[in-house]
Amino acid sequence: MADLDDLREGSEYGIGIEQKTRGYHLKGCSNLDWGVKDRLSRIFNPKTGKSVMLAFDHGFIMGPTSGVERVDLSIVPLMKYADCLMCARGILRSVVPPSLNKPICLRADAGTTILTKLNDNRIIDIEDAIRMNVSAVAVMTAIGDSDMEAVSIKNLYRMADAGMKYGIPVMGVTAVGKDMARDARYFSLAARVCAENGANIVKTYYTEGFEKVTACCPVPIVIAGGKKLPELEALELAYKAIQAGAAGVDMGRNVFQSENPAAMIRAVSAVVHQNMKPKDAFDLFQTLCRPSNRGRKPKQA
Ligand code: R5P
């Protein structure tokens with residue numbers, strides 16, 4: 001109990017100094033509740049408005065694919081370079097060190113694997129996400145897949161209800177079926193459907209005409225890296241996406257399957273946060289690959 005005898009009269013009222021109403025660094029997010037914004041601010045750097053998310057949730061549908069056979073050995077050393085970690089709950093609880101204090105985007109739907117039919121998923125209980133203190137939850141949508149579209153959009157919709165109840169942002173992930181065109185028209189539709197159903201972040205793929213995809217999506221978009229490319233091409237992909245309005249990347253294979261994953265994630269980060277040109281970022285990658293430079297801090301662009 002405060003000592004009532006020492007109740008001092010306040011005097012620092014700042015009369016004449018207007019209280020600043022600050023804006024928010026992410027589009028479409030100004031009207032969200034404080035807790036959602038606080039979590040989004042952990043993921044997206046408030047100074048740049050961008051994020052480098054490191055995705056290593058692949059094992060939950062693919063098993064021990066290349067680069068994630070031993071997450072403790074291959075991914076944990078990279079975590080310090082990421083702004084956010086995206087994974088499923090089993091790896092989070094068993095391998096990700098809680099002492100790292102990195103924001104987590106939890107893969108929050110599960111059900112099938114590459115051995116059967118993908119995306120016939122159920123969402124996890126929001127209480128489990130709260131227990132793990134995650135900063136966002138990610139739900140896959142299979143837009144355009146006549147079998148799984150309805151169930152996956154319902155999953156996203158329900159997760160958005162649960163997320164908003166507890167202040168946890170929801171990322172809508174756009175899965176692309178084998179038969180679908182990977183073009184701006186499809187990704188514009190898919191991203192917009194995710195946002196309209198309550199996604200606070202959308203994860204999709206880069207394509208030609210990506211500025212249309214970002215323009216018609218009212219919330220921040222991050223791009224997946226997709227299949228492994230040569231490093232320079234992956235850096236070009238990230239650069240083009242950022243220039244076209246993406247708020248970051250959620251990259252997996254192009255980082256952890258790189259010949260030097262630590263150098264690659266640092267080069268990607270320079271592209272995302274400093275607008276570094278792909279050629280310069282590739283030079284940075286090569287410099288960081290040299291054994292004598294591995295621990296060094298890269299110069300600002
Ligand atoms: C998406 O749902 C996947 O599980 C991965 O998180 C995503 O594809 C990003 O990884 P990559 O950059 O390897 O495509």
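Predicted model: local features only at pLDDT ≥ 70, side-chain atom pairs only at ≥ 80, totals over all residues.
1. Let's start with what R122 touches. Leaving aside residues up to four places away in sequence, R122 is in contact with D109, A110 and G111 (contact here means that the C-beta atoms, placed from the backbone, lie within 7 Å). R122 belongs to strand β5, residues 122-123.

2. Residue numbers start from 1 along each chain as its sequence is written.

3. Now look at two asparagines. N119 sits in the loop between β4 (109-110) and β5, and N119 has a positive phi of about 75° although it is not a glycine. N119 counts as buried because it has 20 C-beta neighbours inside 10 Å. N133, in the loop between α5 (126-131) and β6 (136-141), also has a positive phi, near 55°. N133 has 13 C-beta neighbours inside 10 Å, so it counts as partly exposed.

4. On to the ligand. It is surrounded by 14 residues, and the closest are A55, A224, G225, G252 and R253 (near means a C-beta atom, placed from the backbone, within 6 Å of the molecule). Sorted by class, the shell has six nonpolar, five polar and three charged residues. Ala, Val, Leu, Ile, Met, Phe, Trp, Tyr, Cys and Pro count as nonpolar, Asp, Glu, Lys and Arg as charged, and the others, Gly among them, as polar.

5. How do α11 and α12 pack? Helix α11 (residues 261-274) and α12 meet at an angle of about 150°, with axes 9 Å apart. Axes are lines fitted to C-alpha atoms, for helices over the stretch in contact, and angles run from 0 to 180 degrees between N-to-C directions. The two helices, α11 and α12, are therefore roughly antiparallel. Angles under 35 degrees are roughly parallel, over 145 roughly antiparallel, 65 to 115 roughly perpendicular, and the rest oblique. On the α11 side, A263, M264, R266, A267, A270 and V271 meet P278, A281, F282, L284, F285, L288 and C289 of α12. This contact has 12 nonpolar, no polar and one charged residues.

6. Compare that with α9 (residues 231-243), which packs on α12 (residues 278-289) at about 135°, again with axes 9 Å apart. That angle is why α9 is oblique to α12. Here E231, L232, L235, E236 and Y239 of α9 make the contact with P278, A281, F282 and F285 of α12. By class, there are seven nonpolar, no polar and two charged residues.

7. Last, find E196 in helix α7 (residues 184-196). E196 counts as partly exposed because it has 14 C-beta neighbours inside 10 Å. E196 and A2 are 194 residues apart in sequence and 48 Å apart in space, C-alpha to C-alpha.

How values were computed. Helix = DSSP H or I, 4+ residues; strand = E, 2+ residues; numbered from the N terminus. Contact = placed C-beta atoms within 7 Å. Buried ≥ 20, exposed ≤ 12 C-beta atoms within 10 Å, placed from the backbone.
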